[in-house]
Amino acid sequence: MTDPTIATQQADAGGAYVTALEHAEPTTGQPGRPGKPRSLWSDAWRDLRRRPLFIIAVVVILFLTVVALFPQWFTSVDPNHRDLTRSRQPPSGDAWFGYDVQGQDIYARVVYGTRWSLLVGVAGSLLTVLIGGTIGLLAGYFGGWLDGLLSRVGEVFSGLPFVLGGIVILNAFRSTGVDSALALVGMVVLALALLTWPISMRIIRSAAISAKQQDYVKAARALGASPWRIIFRHMLPNCLAPVLVYATILLGSFIAIEATLSFLGIGLRDPAVSWGVMISDSRNYIRVAPHLLLFPAGILTLTVLAFVMLGDAVRDALDPKLR
Amino acid sequence: MAVQSMSGTGDLGEGTGVVPDAPLLEVEDLFVEFHTRDGVAKVLNGVSYHVDAGETLAVLGESGSGKSVTAQAIMGILDVPPAVVRSGAIRFRGEDLLKVSDGRRTELRGQGLAMVFQDALSALNPVFTVGFQIEEQLRVRLGMSRKDARKRAVELLDLVRIPNAARRVRQYPHEFSGGMRQRAMIAMSLALDPELLIADEPTTALDVTVQAQIMDLLKELQVERKMGLILITHDLGVVAEVADRIAVMYAGKIVEHADAVSLYRNPGHPYTAALLESLPRLDLKGTELKTIRGLPPSLLAIPPGCPFHPRCPMAEDRCRTEVPGDHRLGLGRTSKCHFAEELVGRV
């Protein structure tokens, strides 16, 4: 690290004994650059700020988050207002994205649908990482028969074909007759997490195994730290980087998977109208009124792309070796 | 610097069993095996040593002689699936660490015994600041507040002579130089005022000038705090200045045990003698440096008889079959060599 201001100060000292830069007292009045501690995360953040892809992705995601939280800021139209005389009308100045079969404003429905699509993605990947992360840490730290048992259970789950597993689980829940929007989201999230946790478990498990052999874990043990403290305080932060990257990309793909499940009629449904539900509703009219499909599908693609881009940028920043 | 006090030389040998005046740490007849894919590696084959408060014991030996494994067994941080403690006892103030509960053992770590690792970069957690890692113990174990712990951490860094400690506590290990990291590691192990400090090759990862500084620091802290210090090293030069007593290890056994002065002046085991001869010396400039021929034995197949016999210049027939016992050489010295008495020149 070279800092011209320090260099000139040392020259000014006029031949006096000068200690190495890192021992120097922080000089008052100077911007506190040499004194700033640099953690992995602050280094990554500095790196990320300079990446255009990251900035674009973050802007898109922030925008979508605002839309999800405050849809009424973006449209004054009621997404559930039906006017059958306007059925399948193409985009116009009045309704930017046109009207669907029921004569509902597609733009308003896309805006209100953001909430459900994002919710499925965020909650799904959080739950997946939580389940997979906890199990992976335990398996990696304790090893032995516990590792064997947990890994086998994970393999059973990852052996299930994803869509088939989703259909079975969601069909089983479907008959219980829940129909509040949040309960519907909860079901889909649960199904997604149940079928994908083994991947994040394996990522954390291998990170935990390599962290466990590090001297700092031995040192923590030698200084009297309890196993739980070692696992969650010392190993977890060191295992987080790879799974964080995975979670970001997972978030995007969960949004897409939710659309798939909804398209198949087993994901979300009214009142939780996500983009997937809209795509599903449009399936019989694709040739007559393509705008029914194009707008929700386009926004969906853009969102997934933003998350994948974010994941890529985060991975590059956290793991420069992979670049 | 002259060899430090010889306080440890008088009271060697007899004090076993009785708890009140038990030595600070006593390792007795420790056997440790590693179960590997290729068979059972007999890593420790009856190691015994002891350390008193305020005393420095140097454990000397080549790589693979079992010095670090002994230390890890004492700390209870052996990786237990491959390693198995077969028999023996490790008594800390008369309390057998191999028999006490896990909870008691955790309690003793840090406060009773602490350890300094060889490579401080990997022994410090990269995601936390150095300060945090010192404070963590103070907060969790002593229930200090965040503010008090920070103050104490700065004091500790100051104690190990890290300049500008107040700013340094907030930095991450990768921002420290090698010597600094080792100092921080020492500060960390001293945080809970341990009675015994084990330093496992604390200077091997450092360059020579820094080595000397770290050794001086350790010695000074030890004298100041009247700690017992076990110094594990393969560097005879490092040992000469700070050790009161020296235990030389070979193939999982202590082959010679003596006070530092006698050992250097008059080694009682051919292995020790060979080690000393293989040191480069200024007064023998120009002559070829002596080495010990051959390699240390594989721990999977330790030779019968004296384990050193294939490399020993004095080996005779009986060395190949008869395992040498401890030969007492007076003043608490012992040597596991059939010819120890001849070697020392005292019958």
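1. Helix H4 (residues 106-142) of chain A packs against helix H11 (residues 291-318) of chain A at an angle of about 30°, and their axes lie 10 Å apart. The model under discussion is a predicted one. Because angles under 35 degrees count as roughly parallel, H4(A) and H11(A) are therefore roughly parallel to each other; the crossing in which H4(A) passes H11(A) is right-handed.

2. On the side of H4(A), this contact is made by A:Ile106, A:Val110 and A:Gly113, while H11(A) supplies A:Leu292, A:Phe295, A:Pro296 and A:Ile299. By class, the residues of the contact of H4(A) with H11(A) comprise six nonpolar, one polar and no charged.

3. The contact between the chains takes 22 residues from chain A and 30 residues from chain B. In chain A, the elements that give two or more residues to the side touching chain B are helix H8 (215-222) and helix H9 (227-263), and H8(A) gives the most, with six residues. That side of chain A has eight nonpolar, nine polar and five charged residues.

4. H8(A) is itself mostly covered, since seven of its eight residues are buried, namely A:Tyr216, A:Val217, A:Lys218, A:Ala219, A:Ala220, A:Arg221 and A:Ala222. What covers these buried residues includes helix H7 (181-212) and H9 of chain A, together with helix H1 (67-75), helix H2 (102-111), strand S6 (113-116) and helix H3 (120-123) of chain B.

5. A backbone detail deserves a separate entry: H8(A) is followed by A:Gly224, whose phi is positive, near 90°.

Terms used: Residues are numbered from 1 along each chain as its sequence is written. Chains are lettered from A and ligands numbered from 1 in the order in which they are written. This is a predicted model: local features need pLDDT of at least 70, side-chain atom pairs count only at pLDDT 80 or more; totals for chains, interfaces and linings use all residues. Two residues are in contact if their C-beta atoms, placed from the backbone, lie within 7 Å. Helices (H or I, at least four residues) and strands (E, at least two) are DSSP runs, numbered from the N terminus. Ala, Val, Leu, Ile, Met, Phe, Trp, Tyr, Cys and Pro count as nonpolar, Asp, Glu, Lys and Arg as charged, and the others, Gly among them, as polar. A residue is buried if 20 or more other C-beta atoms lie within 10 Å of its own, exposed if 12 or fewer, and partly exposed in between; C-beta atoms are placed from the backbone. Axes are lines fitted to C-alpha atoms, for helices over the stretch in contact, and angles run from 0 to 180 degrees between N-to-C directions. Angles under 35 degrees count as roughly parallel, over 145 as roughly antiparallel, 65 to 115 as roughly perpendicular and the rest as oblique. A crossing is left-handed if the near helix is turned anticlockwise from the far one by less than a right angle, and right-handed if clockwise.
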